[in-house]
Amino acid sequence: METAERLDLVTRHTEEVVTTDELEALLAEGSPSAYIGYAPTGEMHIGHFTTMRKLADLLSAGVDVTVLIADLHAHLDDEKSPFDLLDARSEYYREAIEGMIDAAGADPDEITFVRGTDYELDEEYTLELYRMAAETTIARSQRAASEVVRDSDSPALGGLLYPLMQSLDVKALEADIAYGGIDQRGIYMLSREILPDYGWTEPVCLFAPLLSGLTGGKMSASDEGSKVNLTDDPGTVAEKLNAAYCPMGETVDNGVLEYLELLVFPILDERGESFVVERPEQYGGDLVYDSYGDLEAEFVSEELHPADLKPAAAEYISSVIDPVRERLTAQPDLLAEAYPESYGDE
RNA sequence: CCGCCCUUAGCUCAGACUGGUAGAGCAGUCGACUGUAGAUCGACUUGUCCCCCGUUCAAAUCGGGGAGGGCGGACCA
């Protein structure tokens with residue numbers, strides 16, 4: 001595959017690339033390595049799924065992919081996961097991620113899985129972390145940290161420490177490319193600043209867009225209605241899609257369209273299938289789309305009405321999620337132990 | 001070690017001085033209107049007032065004790 005084609009594959013559907021020139025140079029040289037870290041906190045959802053499609057792109061482009069299950073991060077970042085649930089949630093994440101990669105049309109066996117505690121407690125790593133801590137101000141780290149930590153008037157030390165760890169992760173995993181949601185930008189910009197002082201080159205950063213929520217605005221982990229969960233059955237998906245914010249002809253903040261563009265169409269493309277919208281004769285009968293661009297154009301021109309699009313979108317989203325849901329629900333212990341509050345023994 | 005502040009609805013907080021078992025905004029739910037949703041109207045819901053003891057006819061409110069959280073000071077060998 002030509003470098004230009006690989007570059008296109010790697011950068012499509014991204015929010016930002018820092019920098020494209022550096023990325024192109026890496027690809028021209030050979031097979032670079034990329035990593036993405038997932039902190040095993042809340043249940044995985046459709047937003048994570050779109051990043052799995054990107055992992056498939058990376059593999060196709062000849063990039064070595066490592067997935068980090070960042071268990072320590074999950075606790076250090078505002079105690080999003082209780083310490084004693086890290087094992088269970090790490091297991092659940094591993095299973096869910098493999099399921100999504102598989103459903104996204106890639107082979108999980110081609111991906112290297114690593115868990116944070118596998119190496120983040122090693123002496124070398126720990127020593128470098130302390131060195132970094134000595135050289136980084138609280139304000140600098142807070143500026144890089146997650147929103148909850150950044151906006152806090154009195155952040156916990158853990159929240160300030162993990163941005164440094166995440167920077168060290170890049171080196172420890174020998175990654176040339178750091179991939180993550182655009183919310184990770186602050187941390188990786190810090191990494192690019194300080195990593196050269198620790199014997200590693202600044203990573204090329206690949207940022208995924210964050211999906212809009214179904215209720216308008218940003219998707220929120222705590223707002224059930226704003227997102228589709230991996231365990232949602234077709235009925236629930238249909239309900240959530242029906243309740244979604246979706247103004248006629250409007251593409252801004254339209255989660256329904258984003259799901260189709262970033263998740264459904266890439267998978268349909270891979271399978272060589274079309275997107276069919278069933279529409280009553282009264283409104284002109286069924287519609288068929290072979291590309292997201294065509295669909296968006298007709299949505300913008302108002303030829304395609306939201307009330308017709310929603311049920312179709314729900315059906316396709318369900319079909320994409322189904323295998324993952326089945327895989328997870330076939331192992332009820334996995335969810336019960338990771339999220340005793342929601343799935344615990346009744 | 002010392003001092004000060006905070007803890008009330010899912011969230012942010014008011015109410016406490018001058019005791020009468022609690023409110024606002026946002027969120028949520030339900031209708032109306034739209035060929036969806038939103039917006040807009042209309043209606044509705046929400047609570048161990050951090051815990052314990054005491055005073056009182058009556059405590060979110062007053063007194064004492066405790067827990068959790070935050071901020072600052074001191075010490076700097």
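1. Let's start with the hole inside this predicted model. Arg12, His13, Thr50, Arg53, Lys54, Asp57, Tyr179, Ala208, Pro209, Leu262 and Pro266 line the largest cavity. By cavity I mean a set of points, on a 1 Å grid over the protein atoms alone, where a 1.4 Å probe fits but cannot get out; lining residues have an atom within 4 Å of a point.

2. Which elements give two or more residues to that lining? They are helix 3 (46–60) and helix 12 (255–271), and helix 3 supplies the largest share, 4 residues. Helices here are DSSP runs of H or I with at least four residues, strands are E runs of at least two, and both are numbered from the N terminus.

3. Sorted by class, the lining has 5 nonpolar, 2 polar and 4 charged residues. Ala, Val, Leu, Ile, Met, Phe, Trp, Tyr, Cys and Pro count as nonpolar, Asp, Glu, Lys and Arg as charged, and the others, Gly among them, as polar.

4. The largest cavity holds about 110 Å³ of space, and the structure has 1 cavity of 30 Å³ or more. Volume means the space filled by probe spheres set on the points, with grid points joined across faces, edges and corners.

5. His13 sits in the loop between helix 1 (3–11) and strand 1, and at 33% relative accessibility it counts as partly exposed. That label covers what falls between buried (under 20% relative accessible area) and exposed (over 50%), using a 1.4 Å probe and protein chains only.

6. Asp78 also has a positive phi, about 60°, without being a glycine. Asp78 is in the loop between helix 4 (71–76) and helix 5 (86–103). The peptide bond from Val18 to Thr19 is cis, with omega near -15°. Most residues other than glycine have a negative phi, and most peptide bonds are trans.

7. Now the nonpolar core (buried Ala, Val, Leu, Ile, Met, Phe, Trp, Tyr and Cys residues joined through side-chain atoms within 4.5 Å). Of the 81 residues in the largest one, Phe49, Leu55, Ile97 and Phe275 touch the most other members. A second, separate core of 26 residues includes Leu68, Ala70, Met132 and Leu190.

8. Housekeeping: residues are numbered from 1 along each chain as its sequence is written, and chains are lettered from A and ligands numbered from 1 in the order in which they are written. Local features need pLDDT of at least 70, side-chain atom pairs count only at pLDDT 80 or more, totals for chains, interfaces and linings use all residues, and side-chain values use heavy atoms, leaving out hydrogens and water.

Technical notes
1 Å grid on protein atoms, 1.4 Å probe; cavity = no way out; pocket = protein on both sides within 12 Å on 5 of 7 lines; lining within 4 Å.
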